[in-house]
Amino acid sequence: MTADLQLAKVAGAIADAARARMLCALLDGRARTATELGISAEVSSSTTSAHLAKLTELGFLSVVRQGKHRYFQLANAQVATALEALLQLSAPPEASFSPTTPAHLRYARSCYDHLAGTVAVALHEQLLRQGWLITIENQLQPGNQHYQLSSSGTQLFTAMGVDLQPKPRSRRQYACACLDWSERKAHLGGYLGAALLEMMLAQQWLQREPDDRVLHLTRKGQIALKQHFALSLPERD
């Protein structure tokens with residue numbers, strides 16, 4: 001199959017509203033059962049099975065089996081990045097941009113496995129402003145911003161307990177700009193973004209809301225962001 005026909009096939013899979021809801025429900029990085037995804041998409045169990053089979057066949061989803069149970073999750077970070085980009089394209093900014101994203105999602109949420117929203121954008125800008133992240137050129141993807149940690153950035157992240165070493169043979173981008181679909185500015189993506197969020201959750205700077213992408217910035221997180229990043233952010237109302 002030629003590339004253009006394959007693209008049309010993939011686009012057609014996302015074009016269905018129920019399948020789009022299922023994919024968006026998995027953007028928090030968690031795995032879910034067919035029943036849970038069927039409820040989120042508001043379709044019958046037979047229709048859910050057909051949708052999940054199609055999404056799995058096309059490489060959007062992977063299946064995790066535990067005993068008698070099957071769980072579905074996004075196949076990889078590249079799928080999540082593509083979905084986030086499409087979400088941004090689905091509501092192009094007007095001359096005077098006014099976000100319509102619900103406040104609880106806009107402030108702090110997970111973008112697959114890294115931090116997104118107002119908090120993430122502010123943190124990304126501060127990392128660049130302070131010189132902890134350095135922009136590098138990537139010949140394979142010249143249109144995207146890629147980063148490396150400066151020596152001071154490496155010291156900062158190491159002191160906080162962020163794991164700076166990706167898995168051997170990992171093909172994932174180490175650190176890159178990921179366009180935030182609610183803020184229309186970049187936040188930190190790639191392996192480093194995921195490692196940073198993992199640390200922030202482990203240290204309880206952020207707390208997950210059950211069964212949702214929403215993240216809550218705790219009082220401890222406020223203090224830590226100010227202490228380590230010189231960043232003052234209020235808790236979400």
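**Figure 1. Right-handed crossing of helix 2 and helix 3 in the predicted model.** In this predicted model, helix 2 and helix 3 cross in a right-handed sense. The axes of helix 2 and helix 3 (residues 34-41) come within 8 Å, at a crossing angle of roughly 120°. Helix 2 is therefore oblique to helix 3. From helix 2, the residues Ala18, Arg21, Met22 and Ala25 meet Leu37, Ser40 and Ala41 of helix 3. Sorted by class, this contact of helix 2 with helix 3 comprises five nonpolar residues, one polar and one charged.

**Figure 2. Contact of helix 2 with helix 4.** Helix 2 (residues 17-25) and helix 4 (residues 45-57) have axes that come within 10 Å and cross at roughly 70°. Helix 2 and helix 4 are therefore roughly perpendicular to each other, and helix 2 passes helix 4 in a right-handed crossing. On the helix 2 side, Ala18, Arg19, Met22 and Leu23 take part, meeting Thr48, His51, Leu52, Lys54 and Leu55 in helix 4. The class composition of the contact of helix 2 with helix 4 is five nonpolar, two polar and two charged residues. Ala18 and Met22 of helix 2 meet residues of helix 4 and also meet residues of helix 3.

**Figure 3. Lining of the largest cavity.** One cavity of 30 Å³ or more is present in the structure, and the largest cavity holds about 80 Å³ of space. Its lining consists of His114, Leu115, Ala120, Leu123, His124, Leu127, Leu188, Gly193, Leu196, Leu197 and Met200. Strand 4 (114-116), helix 7 (118-129) and helix 9 (190-202) are the elements that give two or more residues to this lining. Eight residues of the lining are nonpolar and three are polar, with no charged residue.

**Figure 4. Lining of the largest pocket.** About 400 Å³ of space lies in the largest pocket. The pocket is lined by 15 residues, of which Asp113, Arg172, Tyr191, Ala194 and Glu198 are the closest to its centre. Helix 9 gives the most to the lining of the largest pocket, contributing six residues. By class, the lining of the largest pocket has eight nonpolar residues, one polar and six charged. Helix 9 also gives two or more residues to the lining of the largest cavity, where no charged residue is found.

Definitions and conventions. Residues are numbered from 1 along each chain as its sequence is written. This is a predicted model: local features need pLDDT of at least 70, side-chain atom pairs count only at pLDDT 80 or more; totals for chains, interfaces and linings use all residues. Side-chain values use heavy atoms; hydrogens and water are left out. Axes are lines fitted to C-alpha atoms, for helices over the stretch in contact, and angles run from 0 to 180 degrees between N-to-C directions. Helices (H or I, at least four residues) and strands (E, at least two) are DSSP runs, numbered from the N terminus. Angles under 35 degrees count as roughly parallel, over 145 as roughly antiparallel, 65 to 115 as roughly perpendicular and the rest as oblique. A crossing is left-handed if the near helix is turned anticlockwise from the far one by less than a right angle, and right-handed if clockwise. Contact means heavy atoms within 4.5 Å. Ala, Val, Leu, Ile, Met, Phe, Trp, Tyr, Cys and Pro count as nonpolar, Asp, Glu, Lys and Arg as charged, and the others, Gly among them, as polar. On a 1 Å grid over the protein atoms alone, a cavity is a set of points where a 1.4 Å probe fits but cannot get out, and a pocket is an open set with protein on both sides within 12 Å along at least five of seven lines; lining residues have an atom within 4 Å of a point. Grid points are joined across faces, edges and corners, and a volume is the space filled by probe spheres set on the points.
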